[in-house]
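Subject: Structure handover and notes

Dear colleague,

Please find below the structure that I promised to pass on, followed by my notes on what was found in it. I would be glad if you could read the notes with the model open beside them.

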There are 2 protein chains.
Amino acid sequence: MFQLIKTEGSARRGEFVTPHGTVQPPAFMNVATCGAIKGAVSALDLKNIKCQVQLCNTYHLHLRPGDDKVRQLGGLHRFTRWDGPILTDSGGFQVFSLAQLRRIKEEGVYFASHVDGRRIFMGPEESMQIQSHLGSTIAMAFDECVENPAEYSYAAASTERTTRWLVRCKDEMARLNELPETINRKQLLFGINQGSTYDDLRIKHMKDISALDLDGYAVGGLAVGEPTEVMYRVLDNVIPHAPYEKPRYLMGVGTPSNIIEAVWRGVDMFDCVMPSRNARHSTVFTWSGIMHAKNERYMTDDKPLDEQCDCPTCRNFSRGYIRHLFKAGEQLAGRLAVTHNLYFYNTLMEKIREAIEAGEFGAFREHYSPLLSRLVDK
Amino acid sequence: MFQLIKTEGSARRGEFVTPHGTVQPPAFMNVATCGAIKGAVSALDLKNIKCQVQLCNTYHLHLRPGDDKVRQLGGLHRFTRWDGPILTDSGGFQVFSLAQLRRIKEEGVYFASHVDGRRIFMGPEESMQIQSHLGSTIAMAFDECVENPAEYSYAAASTERTTRWLVRCKDEMARLNELPETINRKQLLFGINQGSTYDDLRIKHMKDISALDLDGYAVGGLAVGEPTEVMYRVLDNVIPHAPYEKPRYLMGVGTPSNIIEAVWRGVDMFDCVMPSRNARHSTVFTWSGIMHAKNERYMTDDKPLDEQCDCPTCRNFSRGYIRHLFKAGEQLAGRLAVTHNLYFYNTLMEKIREAIEAGEFGAFREHYSPLLSRLVDK
């Protein structure tokens, strides 16, 4: 299902065959939290911006409209009209970051919905059932995302529980994939590595979950407040213990530089709200660095956001027009900028793949890792 | 420039040749107030929803980004990337409806910007200069839009002044169209009929402005609070006095039924924010009547908004998905609904044209004028 085409050091150019099409890693997954990319971008638009995988959020869709409703409407593919691979997270991260009044027990988590305060229980079985209803290509295991910094003893106990939850996830997924009414009976399951910033916990947990022979392995609980260097150190230490022949996914990361550095350390898949969220706040990624599209200097600038970009926005619209749309509060501003930023991220992954294939990723990293974090309009 | 292809009673199927392409009236102009259709719809999308004319607002664009900036960026066509005809209003209506602290003098209007309170003067010459900078296809004359109800004496004096302003508009437009640096030296000018709800004032004013031999004639100051029957009565009385061989434009109107009734009375062109504004508030026009897309009954409805519609939204997305997007506050909801409503309006005009060509507009009117105002989900 996953095979390596080329490697350069720890960096991997792979191919990942799924029931909804083949993913070419390293790949960035485009985040459609509630079943739609924020900024009025539709699943049909994703085809024009090199998106490979759409990511949707289990927690949000369970609360609204309800996974049973999505199931009645044919599952996420039919609901959103995206026919490629879809990854759903487990809901765990949102339960721990958004929900209120949560109590964690061995059986799962009791919490109050951030939408209407309704009391909800979610455990491994519930998370798998919801994701099965959503019919995604890849389901994520239900885990506890430990906050950073965390006490060692808490992190250790939590990570053990996440392993026990993972066994239950795997069993429940196997049961659901046997049911005749299941939308995607070939749904894949990725486990999630936790352990806060403690390398020994991280490594032990990765070894434990690797033994379960899942379809892929994610590293969770990073980019949640710790310094970037700590994230890189954890990756340096834990990634070598992830199964070599399975895809590796770094959850919720990150800047273009973060992605380049993580690919360098052996990661294959990414997701992050940064490109779409920053775009809606007029911060745009370019091949010369980071640009603030509302800057006064662009008022009468007829050039595209990025002269090196051939996204639908840059092929058609000027900086002057986009700046005006942002200043006037027009929603089209967000759509044009989100389209550009997602295209930029998806193209970044394409260039990373080409660099690995050509054996030039080391030079690519040295050039672009600092460059893409530079501010161009300071 | 304007020629009639077919008539049925007072209804007219015409052809209107402009420097930016031929308009097929009866036509509905799609409103892009600040140079963008609200709801994240771009000028490029307009090509896919049968739009013939884009309408932009002089007042808004003068305040922000400034017509000088739009001019530096090549004019509205290059700015918004719409290559078909563009009509700009004169700013008059917005000065009277949006601006604060306004004082009306013979020379023009002094007012405060609703954006930043800045003191601004706009008279006929300024309005023509701004519209010339914007480079639209059709400029509208600067007029006073009298509120309804209005005192007869005020309406009479105002209408006289609007005629004097029109003469100044015509002279200034002629001067601007001679300047080598003018973006569109073939810019057309439409006069605007006023006179509140007083038929004699309306008729006298229409006769006065008709004598100026302009490129087209609009009826303004209707649909501003008076009963619909009064609007139809004014049209019945004033339209016969508009030049037969020039396009007639009813400003800011209206519902599908209003449009059918006005075409019946001899109107050729329309504009209204209703389809886009209603869409953003989840009210959708269909061939069975008016639909509230957030209604609970659509929660698991896999059908398109309108089963008789083949717009980009209805070809792809379900009521259940669109309802969810509205409930979740996703901007994509507005974009999909605006796309549908504008397509509906543009298709309504197409069907009206076909009905007139076939000599069946009377039957069309009897069937659709009541039907399209019906609520389908009450």
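I begin with the largest cavity, to whose lining H13(A) gives the most, with three residues; helices (H or I, at least four residues) and strands (E, at least two) are DSSP runs, numbered from the N terminus. This is a predicted model, in which local features need pLDDT of at least 70 and side-chain atom pairs count only at pLDDT 80 or more, while totals for chains, interfaces and linings use all residues. Residues are numbered from 1 along each chain as its sequence is written, chains are lettered from A and ligands numbered from 1 in the order in which they are written, and side-chain values use heavy atoms, with hydrogens and water left out.

**The cavity**

The structure holds one cavity of 30 Å³ or more, and the space in the largest cavity comes to about 30 Å³. The search ran on a 1 Å grid over the protein atoms alone: a cavity is a set of points where a 1.4 Å probe fits but cannot get out, a pocket is an open set with protein on both sides within 12 Å along at least five of seven lines, and lining residues have an atom within 4 Å of a point. Grid points are joined across faces, edges and corners, and a volume is the space filled by probe spheres set on the points. Ala27(A), Phe28(A), Lys50(A), Gln52(A), Asn346(A), Met349(A) and Arg353(A) line the largest cavity, and the elements that give two or more residues to this lining are strand S4 (27-31) and H13 of chain A. By class, the lining of the largest cavity has three nonpolar, two polar and two charged residues, where Ala, Val, Leu, Ile, Met, Phe, Trp, Tyr, Cys and Pro count as nonpolar, Asp, Glu, Lys and Arg as charged, and the others, Gly among them, as polar.

The largest pocket has a volume of about 950 Å³; of the 48 residues that line it, Phe93(B), Gln94(B), Gly252(B), Asp271(B) and Val273(B) lie nearest its centre. Two or more residues of this lining come from each of helix H2 (58-63), helix H5 (92-97), H9 and helix H11 (274-280) of chain B, and by class the lining has 21 nonpolar, 19 polar and eight charged residues.

The second largest pocket holds about 700 Å³ of space and is lined by 31 residues, of which Asn57(A), Phe93(A), Gln94(A), Asp271(A) and Val273(A) lie nearest its centre. H5(A) supplies the largest share of that lining, four residues, and the classes are 13 nonpolar, twelve polar and six charged.

**Elements of chain A**

In helix H14 (residues 361-371) of chain A, the buried residues (under 20% relative accessible area, with exposed over 50% and partly exposed in between, for a 1.4 Å probe and protein chains only) are Phe361(A), Gly362(A), Phe364(A), Tyr368(A), Ser369(A) and Leu371(A). Their cover includes strand S1 (2-8), strand S2 (11-18), helix H10 (256-264), strand S16 (289-292) and helix H13 (331-357) of chain A.

S16(A) is also joined by four bridges to S15(A), and these strands run antiparallel; two strands pair if DSSP finds at least two bridges between them. A hairpin links S15(A) to S16(A) through two residues, and Thr283(A) stands opposite His292(A) in S16(A). From strand S15 (residues 283-286) of chain A, Thr283(A) and Phe285(A) point one way and Val284(A) and Thr286(A) the other way, and all are buried.

Asn177(A), in the loop between helix H7 (152-176) and strand S11 (188-193) of chain A, counts as buried because its relative accessibility is 12%. Leaving aside residues up to four places away in sequence, Asn177(A) touches Thr182(A), Asn184(A), Arg185(A), Lys186(A) and Gln187(A), contact meaning heavy atoms within 4.5 Å.

**Elements of chain B**

Strand S8 (residues 108-112) of chain B is largely enclosed by the rest of the structure, because four of its five residues are buried. Four bridges join S8(B) to strand S7 (residues 100-105) of chain B, antiparallel, and Arg103(B) stands opposite Tyr110(B) in S8(B). Four bridges also join S8(B) to strand S9 (residues 119-122) of chain B, again antiparallel, with Ala112(B) opposite Arg119(B) in S9(B).

With best regards
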